Amino acid sequence: MKLDHTQPLEYSTDQNQLNILGFWIFLGAEIMLFATLFTSYFIFEGRTGSGPTPAEIFEITPVLIETFVLLTSSFTIGLGVHAMRLGRKNAMLTFFGITLLLGLVFLGVEIYEFMHYYHVGATYQTSGFTAGLLTLLGTHGAHVTLGLFWGLFIILQVKKRGLTPENANKSFIFSLYWHFLDVVWIFIFSFVYLKGMM
Amino acid sequence: MKELFPAKQVMGLVFSLVLTLVALLVHFTDMSFAVGMTILLVTAFIQAFLQLVVFMHAGESKDGKAIYTNVFYGFIIALVTIFGSLLILIWDM
Amino acid sequence: MEFFERFAVPHPSPMIYASMVAIGLVVIGIVFGITYFKKWGYLWREWFTTVDHKKIGIMYLISALLMLFRGGADAILMRLQLSSPDMEILDAQHYNEIFTTHGVVMIIFMAMPFIFAFMNLVVPLQIGARDVAFPRLNALSFWLFFAGAMLFNISFVVGGSPDAGWTSYFPLAGNDFSTSVGTNYYMIAIQISGIGSLMTGINMITTILKMRAPGMTLMKMPMFTWSAFIANVIIVFAFPVLTIALLMGTTDRLFATNFFTTTNGGMDMLWANFFWVWGHPEVYILILPAFGLYSEIISTFSSRNLYGYKSMVGSMVLISLLSFLVWTHHFFTMGQGALTNSIFSVTTMAIAVPTGVKIFNWLFTMYKGKIRFTVPMLYSIGFIPLFTVGGVTGVMLAMSAADYQFHNTMFLVAHFHNTIIPGVVFAMLAGLTYYWPKFFGFMLNEKIGKWSFWLLSVGFVLAFFPMYITGLDGQARRMYTYSEATGFGPLNLMSFFGAALMAIAFVTIVYNILYSIKNSPRNIGNDPWDARSLEWATHTPVPEYNFARLPQVASSEAYWDAKKNGHKLFTGELKDIHMPNNSGVPFIMGIIFFVAGFSFIFALWVPAVIALIGIFACMALRSFELDHGRHIHVKEIKEIESQYEGGAK
């Protein structure tokens with residue numbers, strides 16, 4: 001394996017560079033995936049059938065918690081990558097750990113939110129609107145869940161095998177994924193919740 | 001300890017929080033739909049861009065150009081799809 | 001017993017029972033044959049676990065040919081049913097199932113793997129790379145495609161085929177009107193192979209952007225690589241739309257959601273919208289690599305460089321953007337206003353411009369060239385006028401006001417077959433003949449090949465041109481019969497004869513392959529066609545590592561320059577070559593996806609959950625796995641190289 005020491009560890013081999021570019025292209029596909037979900041949500045927003053309307057079911061408090069938690073986690077994983085570039089393994093692991101914890105909090109609040117919807121009669125089957133909403137939120141939530149496992153695996157690997165070029169590469173790519181989920185959430189926060197409560 | 005908190009990223013966080021608070025004005029103050037949507041559009045896109053540049057280091061490697069092209073291509077097609085579909089199924093149906 | 005009743009075909013006929021028996025016998029025959037000849041180990045080592053882009057390409061190729069015959073059998077049955085008024089070979093339900101599976105098989109399981117076959121076989125060689133960027137992902141893509149294809153193909157003997165058309169419009173495709181599991185097959189089989197396509201897209205883009213030989217800038221890439229690049233860009237941005245649409249369709253059918261229903265706020269038209277947001281770019285995903293193949297072939301057999309390289313590239317980039325801006329033209333009659341229809345009419349007509357540019361470039365490439373009328377060239381020359389007819393009728397359909405007359409008639413059917421058959425199928429057959437020697441070490445017989453070409457072309461014209469007329473006269477598509485009073489009889493009979501000729505043409509192609517395996521000379525050298533780009537610069541058949549030394553490139557026709565202008569392609573010392581390890585995980589994941597898909601189709605939740613856990617377990621395993629690949633050492637390379645030089649050349 002040829003190492004290029006002029007670059008950060010995560011870019012140091014050819015395969016690492018391929019992985020990073022490939023993941024960016026995957027994120028391009030993810031943009032379209034979420035765009036499709038947003039399209040359907042916007043179409044369904046006013047199509048509530050006999051079910052509740054957006055303004056009737058949205059609550060600002062859980063949404064605010066989710067937003068600030070996810071925003072902070074996007075910051076901490078950025079710090080994690082920064083620590084990794086300084087070669088500070090323990091600091092990096094701490095930041096990654098904090099990120100995952102915040103992710104877990106986000107997920108917990110989201111589950112609470114879904115239960116709330118269920119109780120006020122907005123289930124998956126209720127109307128076009130609820131189906132569109134829950135699929136958009138659910139797809140994002142599923143991404144976060146997957147990210148929790150993925151991040152955990154990476155922490156374990158860094159612990160066990162240290163900051164190798166491979167692990168650095170995986171960690172960096174995971175950080176891209178996590179930031180991207182935050183970007184998606186910004187749009188959900190703005191154009192689902194705030195617009196819906198306006 | 002200080003070296004673990006680079007100014008660029010801290011500023012990024014602060015700016016994100018500010019943008020979020022500005023967006024929240026839409027909820028907590030009384031404004032027209034048009035003004036509200038304008039605020040949301042502006043704050044959301046600035047924040048997305050901020051994440052891309054400050055946190056995701058999109059332009060740092062020599063593939064930066066390809067990465068930006070990829071993301072903007074995606075954004076353009078996403079917007080075309082969203083607004084095209086709204087045009088077809090709501091505004092002009 | 002009750003449990004097994006769900007697997008029964010809801011609408012059986014002697015033909016279906018015969019197919020069941022035939023499928024059973026073939027499967028037993030294959031398993032017995034492999035066991036008898038003790039080939040399981042060989043298959044596992046050399047094919048099931050391979051990550052070599054060439055072998056994956058060959059597997060795509062074989063699958064595509066098989067699916068071509070499956071789809072072709074559907075087509076012949078349809079034409080037979082319509083060959084004269086009031087025929088009773090198929091009833092309405094069977095006719096519905098057959099046109100549905102014909103469409104899906106031909107687009108998703110024939111044309112897609114065909115283009116993936118050529119991308120896999122040719123792109124790494126053309127850019128002077130040793131493999132694709134993510135070889136194991138590439139294998140996974142193939143096995144997902146294969147799992148999807150097999151899942152879709154068992155539908156007509158297990159549980160019933162989809163019958164809502166290849167577009168599967170809701171509410172027809174909803175539970176109320178499509179009560180069998182057929183449409184579940186549609187949703188899930190396409191989903192699985194679609195995930196595979198998306199991964200191929202990511203893989204190919206990364207490969208082309210990052211793994212080109214030294215000196216090969218973007219504007220020095222061979223045209224097929226450019227076309228593959230653009231097609232994969234379209235894949236990456238179009239397929240996620242399909243993913244979501246299929247997901248919604250699936251939850252509507254399995255979990256009673258209200259996406260595409262007509263009650264409780266559901267919006268059936270959204271399916272049509274999403275389907276075509278994906279569906280129109282999909283057309284260009286198929287046609288662009290075909291254009292790329294034509295570019296290679298026309299330039300090779302005109303013995304000239306490709307005319308207008310930059311305008312070729314520019315037109316493809318433009319097509320890739322425009323392809324996302326035209327989708328409404330598939331449903332001008334759905335009820336949206338004149339403003340929308342006008343906008344999409346204009347964008348649709350605009351797409352004819354870059355396509356026209358390409359047509360003229362091919363003509364100018366041939367102009368004053370020394371044309372050799374080989375089989376690949378015949379297909380390419382046949383393509384130009386036939387495809388132009390298809391393009392011109394496309395512009396007719398693009399006029400939204402006129403489309404109210406053409407919509408859902410045989411005119412439309414004639415139009416899209418007129419673009420896809422000369423556009424894509426001819427290109428695939430041309431490419432098959434052109435690249436066959438590179439990968440199998442012998443040429444296909446030219447004389448039989450020319451017979452196939454003429455049979456196919458004449459058959460095509462006879463089969464599809466009459467549909468333009470019957471369509472304008474009002475024959476609707478997807479109508480399983482018609483009365484004599486309509487007067488459609490004679491022209492439909494003509495179509496049947498055309499379809500029969502096409503069937504004969506495909507049989508001659510198979511005969512050609514068998515004949516050539518037996519009779520073609522094996523000493524054909526590396527460059528039997530006197531071609532121009534890098535794939536011909538390496539040995540035939542291609543060694544595992546493609547190139548012993550990576551080529552130095554200075555133009556888009558590096559090999560031609562090396563042959564004629566003294567350009568040095570291969571310089572420097574041999575070095576150890578790093579290659580990826582084989583892996584059985586992609587194959588196993590394919591099987592698990594198949595099981596998961598099957599369980600979802602029949603709403604068998606326990607196996608479905610187990611299979612999903614299996615999929616995530618495979619992913620977790622991959623995360624923890626350390627795999628640094630292996631090295632082929634210089635000594636070994638020298639041995640392999642000397643075998644090529646010492647052997648028949």
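Guide: The bend at a residue is the angle between axes fitted to the seven residues ending there and the seven starting there. Keep that in mind as we look at this predicted model.

Visitor: What makes α8(C) a bent helix, and where is the bend?

Guide: Setting the axis on one side of C:Val236 against the axis on the other gives an angle of about 30°. A proline, C:Pro240, follows within four residues of that position.

Visitor: How do you know what span to expect for helix α8 of chain C?

Guide: The expected span is 1.5 Å times one less than the number of residues. Helix α8 covers residues 223–255 of chain C, 33 residues in total, so the expectation is 48 Å. From first C-alpha to last, the helix reaches 47 Å, which is close to that value.

Visitor: What comes just after α8(C)?

Guide: There you will find C:Ala256, with a positive phi of about 55°.

Visitor: Let's turn to chain B. What makes its pattern α-α-α?

Guide: Chain B has three helices and zero strands, and reading along the sequence gives that pattern.

Visitor: Why is chain B called more spread out than a compact globule?

Guide: For 93 residues the globule rule gives 12 Å, while the radius of gyration of chain B is 17 Å, well over that value, so the chain is more spread out than a compact globule. Its C-alpha trace spans about 55 × 40 × 15 Å along the principal axes, and 29% of its residues count as buried. Chain B is also divided into domain 1 (1–56) and domain 2 (61–93), with 21 Å between their C-alpha centres.

Visitor: Which residues of chain A carry the feature "transmembrane region"?

Guide: UniProt, in an unreviewed entry, places that feature at several stretches of chain A, including residues 63–81 and 176–194. In the model, residues 63–81 of chain A are 100% helix, with end C-alpha atoms 27 Å apart. Residues 176–194 of chain A are likewise 100% helix, and their end C-alpha atoms are 26 Å apart.

Notes
Residues are numbered from 1 along each chain as its sequence is written. Chains are lettered from A and ligands numbered from 1 in the order in which they are written. This is a predicted model: local features need pLDDT of at least 70, side-chain atom pairs count only at pLDDT 80 or more; totals for chains, interfaces and linings use all residues. Helices (H or I, at least four residues) and strands (E, at least two) are DSSP runs, numbered from the N terminus. The radius of gyration is taken over C-alpha atoms; the globule rule is 2.2 Å times the number of residues to the power 0.38. A residue is buried if 20 or more other C-beta atoms lie within 10 Å of its own, exposed if 12 or fewer, and partly exposed in between; C-beta atoms are placed from the backbone. UniProt positions are given in the numbering used here, feature names are shortened, and annotations may be inferred rather than shown by experiment. Domain bounds come from an automatic or database domain assignment.
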